[in-house]
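Subject: Structure handover

Hello,

Here is the structure I said I would pass on. My notes on it follow below.

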Amino acid sequence: MNQNDRQPAETQDKNGPATGKVTLRIWRGDENGGEFKDYTLDAQEGEVVLDVVHRVQSEHAGDLSVRWNCKAGKCGSCSAEINGVPKLMCMTRMSDFSSGEPITITPMRTFPIIRDLVTDVSFNYEIAKKVPPFTPGPKEPDGTYRMAQRDIDRIQEFHKCIECFLCQNVCHVIRDHEENKANYAGPRFFVRFAALEMHPLNTNNSLGLLKEEMGIGYCNITKCCTEVCPEQIHITDNAIIPLKERVVTANYDPLAWLVTKIRRKTGRNTSST
Amino acid sequence: MTDTTSTPEHLTSPTLEESAATEQKPAKGPKMSHTDLPFVTHNFDVLVIGAGGAGLRAAIEAKLQGVSIALLSKSLLGKAHTVMAEGGIAASLGNVSDQDNWQVHFRDTMRGGKMLNNWKMAQLHAQEAPDRVLELEEWGALFDRTADGRILQRDFGGHRYARLAHVGDRTGLEMIRTLQQKAVSLGIEVFAETIVVKLLLDSNRAICGAVAYERSVGDFIVFTAKSILLATGGIGRSWQITSNSWESTGGGHALALWAGADMIDMECVQFHPTGMVWPPSVRGLLVTEGVRGDGGILKNSLGKRFMFDYIPPMFASETADSEEEADRWYTDHAKARRTPDLLPRDEVARAINTEVKSGRGSPHGGVFLDIASRRSPEYIKRRLPSMYHQFKELAGVDITKDPMEVGPTCHYMMGGVRVDADTAASSVPGLYAAGEVAGGMHGANRLGGNSLSDLVVFGRRAGLHAAEYAKSYQGDPKPDPGEIAKAIAECTKPLSKDHTAENAENPYKLQDDLRKTMQSLVGIIRTEHELTQALEEIEKLKERLDNIAVQGDKRYNPGWHLALDLRSMLAVCQCVTLGALNRKESRGGHTRDDYPTLDDELGKINFVIRQKGTELEITPEPKPQMPPELQKLFEEQH
């Protein structure tokens, strides 16, 4: 679809800064195109954007498509672009906006439209199928695994990911280049790979896969993903950069190259590719 | 709005082609001519409906048994309500208190459930929970650790020892993601945003399939299946103040009821004591019991720790009766008795309700939950990061500095499909149920942390037995095309009506009215005349349901979707109210103002609800008897 369709039009027929009123300018349409529609409602105390969207549904447009589940920032379903900024609708308070100005809500731009604010995020679920499964090493003699808290703090940060896909949405590599989707996993999955790579029990190695098929080299560390992460995961600093370093070490460090070569020859192939 | 014509383009999508390759039956495609609406037919051995913790665990188990399975998810994969579970998963690993074992966990669970639980389920649950937790770790879950590197466990309401394995306060997310990734790695076929509207039965009243629709394309899909496993979660959406998302409409409860399954304990609905109360938009949102497990206390507007006034006789011998002893318990469980702040949820919820009604509530109609004055900011942020974030972002409250305001919120359905404890089989051949949709495990009140363990213990069992049933199934399931056509016609009725007509009902308005009715008449404290009135109101709402008209078409249309969900919500609410009217006592989550005490005779029975024609029939039936060796566990320690 034409991406420009979903850019807010120049401000037109504003409903004015009427006290106690809020106006949502919501993109409505499907893969064939669409338009912005304004909905003006009474303001209510303490609301988030998703509350107002729900009131639009119940009072004005019963068929307004929007994804949501927990309304508590835990499930990552209600991702959208609010005044152009990728956010969760359930964690964006109406009081953050100056009164009278219409609040523009558009669907995530990187994914194909299904309808209104709902996009087809299956790209992410397809990438997920390519991630090698967690493969733990042997257990302790008592049948348990032991891990020190300090060794898992970093990975627990990665496990906070709620799969809202805002980082995927904002990443230039795929936001503006549809053609890259075939060769690029995106920040969410770099976080996933980092969690696997750094998991004290995991035995498989994804560095080859990351370089060859997941396109980690495409990322040029602009940190846009980190900025939009509602879980405040340090995606770039803690996940992507260390992965890039590991990939470089594994592929270009002469000593590491030699070790890999010897392991391959002796049948101890630690690469998953 | 212009209509988007829904064409079955996705017939050629790779997923469907792949599924065709594994199917045993040749027929597939929109060929059935019994209706003019196109639909695709898929054939599977086992159909798992619901992709939360129970559904995912069941699907994994069934897949490992080598049968063909499909996993249907009402939302996208990984978004189910399990994701909101905070505090932890209960299992007597004994990593923190080495005195813990399955017998103590079993005893806690039964007493928490006011002995209404199916004892066999509670026993299997307590015995198998540790293995299921270790299995999650083996599949990649990273629980918080003890100093010696084992899984850390925290204190929770009604659990005698620190028993909840956890990841800060986002345990549900860790669990669903772990199970999701395991399921994906096994190649389980997932139908996301696909909702089942009817279960199909053959001439022997056994399961043979289901009618569903796929939200993103708006098309109907028919599944043939040898067995079906319900893992559809709860019903809380029918109350105004709830911790539950839009998904919790009792869809699976209703499907089972309509298919003729026995439903038990439908009156047993849990109101969690601590939901947020302000601002209005987050009213009901869960505040984990972990806050109290980690040192938080409840106070009224006078600053009094009121829970000391509400210790019931059943728990008196093991509950601290002074603040000094209660505070000592946090650091030394052996030399002090536990704080009453951690009594089972039903007790705490009723106490808060009484405090607020007596005029000792907080400014926004709750009570205070204070951890700020008792633990360091660093500790609070490390142990309760989501709570910190949630209050900061949504209420502008810094919980490391100020107390939270909390009040009861509709949280969990103890009642549901009556199942066999070992196999999770319902009374309908081929129909299985696990997790919140199944009844019996938690009796009249569920302990915190016992839900996540329930999901994996009985998810696994249900998946195993549904697969075995499918393997021994003779012939091929053959749904009646007439039934399919009827189901589809019924579903599309709200779309064919004029939503601007004068008598047209708006589904959102109808839902609001139902939620108001349930909140005010079938809430935390119940009484006969209100329950009778509620049944009348529900009847009226059912009549209005016939006039629902929605705008738009079938594709991702929330109004239409809600119209369909309302059928389940009304059916389930009717069951809850009928059960509540019949149980003339107060037990666990079911509290009757006009029958305020436990009745020993009623403690021996389950109320069983069945649909006969268009009517509901309720029958008191004796509860399974606990064997003497388990009975002894309750005598010894009193």
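What covers the buried residues of helix 15 of chain B? The cover includes helix 1 of chain A, together with helix 16 (528–545) and helix 17 (558–582) of chain B. Please keep in mind throughout that this is a predicted model.

Helix 15 of chain B runs over residues 507–521, which is 15 residues. From its first C-alpha to its last it reaches 21 Å, close to the 21 Å expected at 1.5 Å a residue. Its buried residues are B:Pro507, B:Tyr508, B:Leu510, B:Gln511, B:Leu514, B:Thr517, B:Met518 and B:Leu521. On spacing in general, an α-helix has 3.6 residues a turn, so residues three or four places apart point the same way.

Helix 13 of chain B (residues 450–471) is another one to look at. Of its 22 residues, 19 are buried, so that helix 13 is mostly covered. Its end C-alpha atoms are 31 Å apart, which agrees with the 32 Å that 22 residues should span at 1.5 Å a residue.

Next, the interface between the chains. In chain A, 48 residues are in contact with 48 residues of chain B. Four elements of chain A each supply at least two residues of the side that touches chain B: helix 1 (49–59), strand 6 (113–115), helix 2 (122–130) and helix 3 (149–159). The largest share comes from helix 3 of chain A, with five residues. Sorted by class, this side of chain A has 21 nonpolar, 14 polar and 13 charged residues.

Finally, chain A by itself. Chain A has ten helices and seven strands, and buried residues make up 45% of its 273 residues. Among its contacts between residues at least 6 apart in sequence, 65% join residues at least 24 apart.

The domain assignment of chain A gives domain 1 (3–119) and domain 2 (122–265). The C-alpha centres of these two domains lie 33 Å apart. Where they touch, twelve residues come from domain 1 of chain A and 13 residues from domain 2 of chain A. The side of domain 1 that touches domain 2 has six nonpolar, four polar and two charged residues.

Regards

Technical notes. Residues numbered from 1 in each chain as written. Chains lettered and ligands numbered in written order. Predicted model: local features only at pLDDT ≥ 70, side-chain atom pairs only at ≥ 80, totals over all residues. Domains from an automatic or database assignment. Contact = placed C-beta atoms within 7 Å. Nonpolar A, V, L, I, M, F, W, Y, C, P; charged D, E, K, R; others polar. Expected span 1.5 Å × (residues − 1). Buried ≥ 20, exposed ≤ 12 C-beta atoms within 10 Å, placed from the backbone.
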